[in-house]
Amino acid sequence: MGRAAPLDRNRELTVTRALTLPDPAAAAARVSKLTSSWPETPPGADPLPGQLDRWLTSRGAELVAVRRHIHAHPELSGQEFETAALVARELTRAGLSPRMLPKGNGVMCDIGYGDRVIALRADLDALPLPDTKDVPYRSTVDNVCHACGHDVHTTILLGVGLALAQLAERDELPGRVRLLFQPAEETMPSGAPEVIAAGGLKDVAAIYALHCAPQLPVGLVGVRSGPFTAAADKIEVRLTGRGGHTARPHLTADLVHALGRILVDVPSLLDRKLDARAGVSMVWGAVRAGEAANAIPIEGMARGTIRVLSRDAWRDVPELVTKLVHDVIAPTGADVEVKYTRGVPPVVNDRLATAIVAGAAGAALGPDRVVEAEISMGGEDFAFYLDGVPGSMIRLGVGVPGSDLKVDIHQSAFDVDERAIGHGVRVMVHTALAALSAGAF
């Protein structure tokens, strides 16, 4: 795919302009359609320090434009060079000193001073899907789009960085905050280990992130302590054996029958070999064997995923599944090869970190806007950071209230209610300040 276009500061703020304008009021007037319902400080919420609520309102048009520019110019995992460059430029213009990851497709930036660091993470990459929405900011790159909300995550973290820079400039930031703009969340191997290897967790006491949740209406935030997302691994099973005529299966290894046993028996047996509370799900996504109706093939293949909520069970699953496959196939006479690929660990939110972000979200949006998040069987490489430091991921409501169109993440028509950007910035600024003040990590 082609690279995303650099931000053009001379074009109208319809889709691609993300310039810090000298006259925010005039900018907002020109893009009133973008921010006609940009959220003010929600009722019952605590104001941000340093007049940041007023600052955030004045910058709403620009943040929406940044999101739309990124959405229109998506980049696949590992190729986020222009997106990272955009982020670095905007942080530099705010007086900060961002540094690029070694490959140039991610950004780290510290704000403020202090030995303890609170880290905030966003992901940059898009998915290999066509954008089927009829909107002005539709993807300009064929078969690539931000169908998971990473454009929103990136924009929110950029807004948080610009807001915290205001506090740091006035010496009102009570510590050091690190922004992590991570590449390659959607692929394996993913980008989180690269960020960690580049020093992303050095001196970090706790780390936080948010994820778009279309199931929640805009204005709500979902939090949960403990298991939050599942580990996600891949398995590929290849069978070989003597084929032959379907009239005489007793003279063959009958690989289609053998594959059928794997598809049905292995997930069923796995459920009974692990504690039901481990939250294990094994689902096949691809099966291939033979062509002719009257010929038993000599090879076959099945691929699937294994998702686990329990970290202890996740450690045992590769050996257990491999053994079950061999045990199930043994009576058939087929030869079997199992390729088990580790994906991401489960996200298990730290209790204290979750309490802090829940309180911060309540302060940012009002306590009645914080709900309990559901456990997801999806995978999220934020888990790698939690292997090293305590932290918590939350869900940010991006659903349009009252809309009959229900579109999930990873669907080509996915879009968000852009008021969520302002809510996300408020929540993460409150979270950073609360975590810095807690001193409990």
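Helices (H or I, at least four residues) and strands (E, at least two) are DSSP runs, numbered from the N terminus.

**View 1. Overall make-up of the predicted protein.** The protein holds 12 helices and 16 strands. Its radius of gyration, taken over C-alpha atoms, is 24 Å, close to the 22 Å that the globule rule (2.2 Å times the number of residues to the power 0.38) gives for 441 residues, so the protein is as compact as a globular protein of that length. The C-alpha trace spans about 80 × 45 × 45 Å along its principal axes. This is a predicted model, in which local features need pLDDT of at least 70 and side-chain atom pairs count only at pLDDT 80 or more, while totals for chains, interfaces and linings use all residues. Residues are numbered from 1 along each chain as its sequence is written, and side-chain values use heavy atoms, with hydrogens and water left out.

**View 2. The packing of helix α4 against helix α6.** Helix α4 (residues 60–72) and helix α6 (residues 150–169) pack at an angle of about 145°, with their axes 9 Å apart; axes are lines fitted to C-alpha atoms, for helices over the stretch in contact, and angles run from 0 to 180 degrees between N-to-C directions. In contact (heavy atoms within 4.5 Å) are Leu-63, Val-66, Arg-67, Ile-70 and His-71 of α4 with Asp-151, Val-152, Thr-154, Thr-155, Leu-158 and Gly-159 of α6.

View 3. Val-160 has its place in helix α6 and, at 0% relative accessibility, counts as buried, a term for under 20% relative accessible area, with exposed over 50% and partly exposed in between (1.4 Å probe, protein chains only). Leaving aside neighbours within four places in sequence, Val-160 is in contact with Leu-120, Val-425, Met-428 and Val-429. Val-427 lies 267 residues from Val-160 in sequence, yet the two are 9.2 Å apart in space, C-alpha to C-alpha.

View 4. An open sheet of four strands runs in the order β10-β12-β8-β13 with antiparallel pairing, where two strands pair if DSSP finds at least two bridges between them. The edge strands, each pairing on one side only, are β10 (280–289) and β13 (335–344). Strand β12 (residues 299–308) and β10 pair in the antiparallel sense over nine bridges, and Ala-286 stands opposite Arg-303 in β12. Helix α8 (residues 255–273) lies across β8 (231–240), β10 and β12, running at about 175° to β10, whereas helix α9 (residues 311–329) lies across β8, β10, β12 and β13, at about 165° to β13.
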